[in-house]
Amino acid sequence: MRLFQLPSSRSRHPLARALSLVVGIAVLGLMLVFGLVVAGVLLVGGGLWLALRQWNRARAVGRSAPAAGTRPQVLEGDFVVLHEGRPVAR
């Protein structure tokens with residue numbers, strides 16, 4: 001036994017059913033178009049935002065000349081290649 005039963009308001013008239021089908025398809029189409037427009041705006045806006053950010057960073061790096069006596073931004077060191085299954089010698 002169902003506790004809640006939705007009222008069945010489906011029309012039996014074939015023209016009303018066809019009209020509701022067309023309206024439903026139109027609503028789905030509008031939602032699809034709206035979603036594509038929103039996605040396009042987000043993609044274009046995000047691309048412009050990233051391009052502007054890169055442009056501002058490039059200008060900031062170009063403006064700041066390295067001062068004499070500053071340390072280079074290079075990290076030097078040694079590395080060891082480890083292979084699986086082989087013990088590491090200490």
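Guide: Here is that patch, with its setting first. This is a predicted model, where local features need pLDDT of at least 70, side-chain atom pairs count only at pLDDT 80 or more, and totals for chains, interfaces and linings use all residues. Residues are numbered from 1 along each chain as its sequence is written, and side-chain values use heavy atoms, without hydrogens and water.

The protein chain has 1 helix and 0 strands. Helices are DSSP runs of H or I with at least four residues, and strands are runs of E with at least two. Of its 90 residues, 0% count as buried (under 20% relative accessible area, 1.4 Å probe).

Now the patch. L19, V23, V27, L28 and M31 form it. Together they have about 500 Å² of accessible area (Shrake-Rupley, 1.4 Å probe). Nonpolar side chains are joined within 5 Å.

Look at V27. V27 lies in helix 1, residues 14-63. V27 counts as partly exposed because its relative accessibility is 43%, between the 20% and 50% limits.

Terms used
Patches are made of residues with over 30% relative accessible area and no salt bridge: like charges are joined within 9 Å, nonpolar side chains (Val, Leu, Ile, Met, Phe, Trp, Tyr) within 5 Å. A salt bridge is a side-chain nitrogen of Lys or Arg within 4 Å of a carboxyl oxygen of Asp or Glu.
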